[in-house]
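Keep the structure open as you read.

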Amino acid sequence: MYREVDASHIAALIAITGEDARVLTQPLVVEQLSRDFYWYSPVLRKQLDGKVAGVIVQPLGAVEIQAILRYCYAQNIPVTLRGAGTGNYGQAVPLHGGVVLDLTRMDQIEEIQPEGVAVCQPGVRLGVLENEARKVGWELRCYPSTVVKSSLGGFLGGGSGGIGSVKNGNLRDFETVRALEVVTMEPEPRVVLHQGEAVHEILHAWGTNGVITGIWLALAPAIDWAQVVVAFDTFDAAFDFSESIATSESWTKRLVTVFEWPIPSFFTPVKQYAPNRKALIFFLIAAAELAAFESTAQAAGGQITYSAPYQGLRSRPLLSDYTWNHTTLWAMKSDDAYTYFQCGFDPDTVRDQFRKLKEKFGDEILFHMEFMKNAAGRVIPGAIPVVYFRSEERLNEMIDFCRAIGVFVANPHVNNVEGGGRYRPDNVQLLAKLRYDPKGLMNPGKMVTFQPEGQTQSQHDGQAAGAPHR
């Protein structure tokens with residue numbers, strides 16, 4: 001069904017863009033821009049190594065994207081979307097060649113509205129948006145540890161939460177994404193506006209059902225933060241203290257991350273703040289509460305090994321560089337047999353779940369906990385545990401055991417939206433794909449429940465009446 005890209009297709013794409021500098025064919029460049037961080041998973045590494053596009057195209061706007069998709073639709077050429085390539089599931093890896101649509105040149109912040117909504121193109125780097133927002137009294141509600149490199153569109157297409165989630169919830173909660181402008185892949189591609197609940201048709205769909213070209217993102221009022229590292233003799237004591245801070249409304253926090261030893265030993269650049277064989281907690285706490293926080297930590301038996309005002313993303317050390325999935329990267333630098341899971345623990349039985357996992361697997365699983373606010377407003381213990389890889393069978397055994405004891409696992413070792421654990425049970429992402437990508441040419445193979453045969457056009461096309469001010 002899918003056609004390979006040949007010289008005539010490349011010539012047509014150059015004619016559409018009007019310049020060959022944005023139609024990239026150099027083999028090394030094409031290979032580089034056909035990859036993301038899927039190599040965090042030894043399973044995906046085996047599946048995805050060697051998958052490359054036929055050509056990379058870097059559009060500048062929605063009208064040009066419509067023309068590219070119109071051509072690719074007519075020619076049966078698959079199209080895979082790419083942001084900054086920091087995803088870990090192979091979202092941006094083309095399984096069937098074709099065109100990789102690299103959106104990094106669409107990187108404008110069009111405005112930051114007075115009520116705290118940023119209007120942006122998808123290629124805006126999250127670090128740039130954070131810095132610009134703070135200049136006018138706002139900050140990102142949440143962002144990944146790859147904030148400096150990550151693009152906003154890529155975060156919406158494949159991300160979930162991060163620094164700030166303990167205070168503001170995850171990306172898809174609390175109307176953080178107010179609206180999306182999306183280009184469809186049809187005989188005549190449309191620009192469709194999604195507002196309110198309609199944004200969930202597109203969020204975390206890996207670019208399988210539309211190209212995000214405009215974003216309205218709600219921000220949070222900026223706060224002066226401080227960075228603090230606290231050490232405890234045991235993981236149990238560290239977890240107890242981190243939970244008490246994360247779940248208390250008395251503290252204003254942006255980050256609460258706790259690490260079991262030996263994970264802190266992997267953080268070579270900040271090893272001076274990691275006492276031997278002690279568990280660590282990294283905090284971003286409101287600077288105005290710092291003195292009281294330090295007293296509370298010491299009274300609980302904690303040792304403060306670092307405390308300083310937070311100077312934004314230029315801070316050194318930048319503690320967020322060791323949290324969320326950056327923790328996995330540091331573990332892999334220590335031993336490339338390490339990989340990870342993405343988990344959600346039950347806040348009411350989490351300690352029993354810890355005990356059962358340790359009894360079963362010992363140091364094959366190392367606890368790395370990230371607190372976050374769920375959609376119901378409760379702060380819960382999430383986790384990106386570091387896992388020692390022995391075989392795919394053992395990995396699946398560990399996942400099955402986690403699920404059997406009530407630990408949610410979003411499996412980062414599969415290359416489809418459904419298996420990754422963030423697929424919506426109401427099927428809105430699938431229904432949007434049926435409407436907007438009838439041939440299944442957008443990132444084919446990544447939404448396995450999609451069947452191009454026998455589809456019908458939904459009566460509701462996701463178009464919301466009225467556009468936010470832009």
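Lys-358 is partly exposed, with a relative accessible area of 24%. In this predicted model, Lys-358 forms a salt bridge with Glu-260, and the closest N and O atoms are 2.9 Å apart. Lys-358 sits in helix α11 (residues 350–361), while Glu-260 is in the loop between β13 (253–259) and β14 (279–286), so the bridge ties together parts 98 residues apart in sequence. Is Glu-260 buried or exposed? Glu-260 is buried, at a relative accessible area of 11%.

The structure has 25 salt bridges by the rule used here. Another of them joins Asp-49 to Arg-35, with 3.8 Å between the closest N and O atoms. That pair also links distant parts of the chain. Asp-49 is in the loop between α3 (42–48) and β2 (55–57), and Arg-35 is in the loop between α2 (27–32) and α3. They are 14 residues apart. Asp-49 is partly exposed, with a relative accessible area of 42%. Arg-35 is partly exposed too, at 29%.

Now take a pair within one helix. The side chains of Arg-394 and Glu-397 meet in a salt bridge, 3.1 Å from N to O. Both residues belong to helix α12 (residues 392–404). They are 3 residues apart, so about one helical turn separates them. Glu-397 counts as partly exposed, with 32% relative accessibility. The pair is also part of a network of salt bridges, which links Lys-360, Glu-364, Arg-390, Arg-394 and Glu-397.

Next come the strands. Four of them form an open sheet, in the order β1-β2-β4-β3, with mixed pairing. Which strands stand at the edges? They are β1 (23–24) and β3 (79–82). Each has a single partner strand, so one side of each is left without a neighbour in the sheet. Strands β1 and β2 run antiparallel and are joined by 2 bridges. Here Leu-24 has Ile-56 of β2 as its bridge partner. Helix α4 (residues 62–75) packs on this sheet. The helix touches β2, β3 and β4 (99–102), and its direction makes about 170 degrees with that of β4.

Strand β20 pairs with β17 (residues 342–344). The two run antiparallel and are joined by 2 bridges. Cys-343 has Ala-383 of β20 as its bridge partner. Strand β19 (residues 368–373) also pairs with β20, in the antiparallel sense, over 5 bridges. On that side, Met-369 stands opposite Ala-383. Strands β19 and β20 form a hairpin, with 5 residues between them. Gly-377 lies in the turn and has a positive phi of about 95 degrees.

Turn to the nonpolar interior. In soluble globular proteins, nonpolar side chains tend to be buried together. The largest nonpolar core here has 67 residues. Which members touch the most other members? They are Leu-156, Leu-180, Leu-217, Phe-267 and Phe-282. Helix α10 (residues 326–334) gives this core its largest share, 4 residues. Leu-156 shows how the contacts run. Leaving out residues up to four places away in sequence, Leu-156 touches Leu-171, Val-177, Leu-180, Leu-203, His-204, Ile-212 and Ile-215. Another core, of 43 residues, lies apart from the largest one. Val-228, Ile-245, Ile-285 and Phe-354 are among its members.

Finish with the cysteines. How many disulfides does the structure hold? The count is 0. For Cys-142, the nearest cysteine sulfur belongs to Cys-120, 14 Å away. Cys-402 has the sulfur of Cys-343 as its nearest, at 4.9 Å. Cys-142 is buried, with a relative accessible area of 5%. Cys-402 is buried as well, at 1% relative accessibility.

Definitions and conventions. Residues numbered from 1 in each chain as written. Predicted model: local features only at pLDDT ≥ 70, side-chain atom pairs only at ≥ 80, totals over all residues. Heavy atoms only, no water. Disulfide = S-S within 2.5 Å. Buried < 20%, exposed > 50% of the residue type's maximum accessible area, 1.4 Å probe, protein only. Salt bridge = Lys/Arg side-chain N within 4 Å of Asp/Glu carboxyl O. Pairing = 2+ DSSP bridges. Contact = heavy atoms within 4.5 Å. Axes fitted to C-alpha atoms, helices over the stretch in contact; angles between N-to-C directions. Core = buried A, V, L, I, M, F, W, Y, C linked by side-chain atoms within 4.5 Å.
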